[in-house]
Amino acid sequence: MTWTAVEPWGPPCDADDLTRILDRLTSWTPLDVDAVLDDVADALDDVPPAGHDVPLLAQRLHAHFARLSDISLAAEADEQNETVALILARRSNLPAASGSGEPTTHQSHLRQLGWT
């Protein structure tokens, strides 16, 4: 019987990689689906939100959408499901803000975000 030399085991990551992984894990927060649904409900409600609440609501909806998009892309859901691909394409066509200062424009923008 002959023995074959085997390379000694080494860790898969160095200290810098492990530190970076630890930082990402400790700063990660899970997706709050209830907050997403609450914000979508506020955007689609028959009673429009107060004018001073609109920018913050739009900002939260964009943040939710960005996070959901990242999750979908990481899971390659856009490649496995045509509906997901269409929704992601629709998101890329939405403006970041409603642009005009008119309340009806803001409400329309919120509804677009909510439905998407």
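This is a predicted model: local features need pLDDT of at least 70, side-chain atom pairs count only at pLDDT 80 or more; totals for chains, interfaces and linings use all residues.
Local features require pLDDT of at least 70, side-chain atom pairs count only at pLDDT 80 or more, and totals for chains, interfaces and linings use all residues. Residues are numbered from 1 along each chain as its sequence is written, and side-chain values use heavy atoms, with hydrogens and water left out.

The protein contains 6 helices and 0 strands. Both kinds of element are DSSP runs numbered from the N terminus (helices, H or I, at least four residues; strands, E, at least two). Along the sequence the pattern is α-α-α-α-α-α. The radius of gyration is 22 Å, well over the 13 Å that the globule rule gives for 116 residues, so the protein is more spread out than a compact globule. The radius is taken over C-alpha atoms, and the rule is 2.2 Å times the number of residues to the power 0.38. Along the principal axes, the C-alpha atoms fill a box of roughly 85 × 30 × 25 Å.

Of the 116 residues, 21% count as buried (under 20% relative accessible area; exposed is over 50%, partly exposed in between; 1.4 Å probe, protein chains only). Contact means heavy atoms within 4.5 Å. Among contacts between residues at least 6 apart in sequence, 58% join residues at least 24 apart.

The largest nonpolar core has 9 residues: Ala 43, Val 54, Leu 57, Ala 58, Leu 61, Phe 65, Leu 94, Leu 110 and Leu 113. Such a core is a set of buried Ala, Val, Leu, Ile, Met, Phe, Trp, Tyr and Cys residues joined through side-chain atoms within 4.5 Å. Helix H3 (54–74) and helix H6 (103–115) are the elements that give two or more residues to this core. H3 gives the most, with 5 residues. Beyond its neighbours within four places in sequence, Ala 58 is in contact with His 109, Leu 110 and Leu 113.

Ser 69 also lies in helix H3. This serine is buried, with a relative accessible area of 4%. Neighbours within four places aside, Ser 69 is in contact with Leu 88 and Arg 91.

The accessible surface comes to about 8900 Å², of which 59% belongs to carbon and sulfur atoms. Areas come from the Shrake-Rupley method with a 1.4 Å probe; for residues, only the protein chains shown count as cover. Leu 18, Ile 21 and Leu 25 form a nonpolar surface patch with about 300 Å² of accessible area together. Patch residues have over 30% relative accessible area and no salt bridge; like charges are joined within 9 Å, and nonpolar side chains (Val, Leu, Ile, Met, Phe, Trp, Tyr) within 5 Å. A salt bridge is a side-chain nitrogen of Lys or Arg within 4 Å of a carboxyl oxygen of Asp or Glu. Leu 18 is found in helix H1 (residues 15–27).
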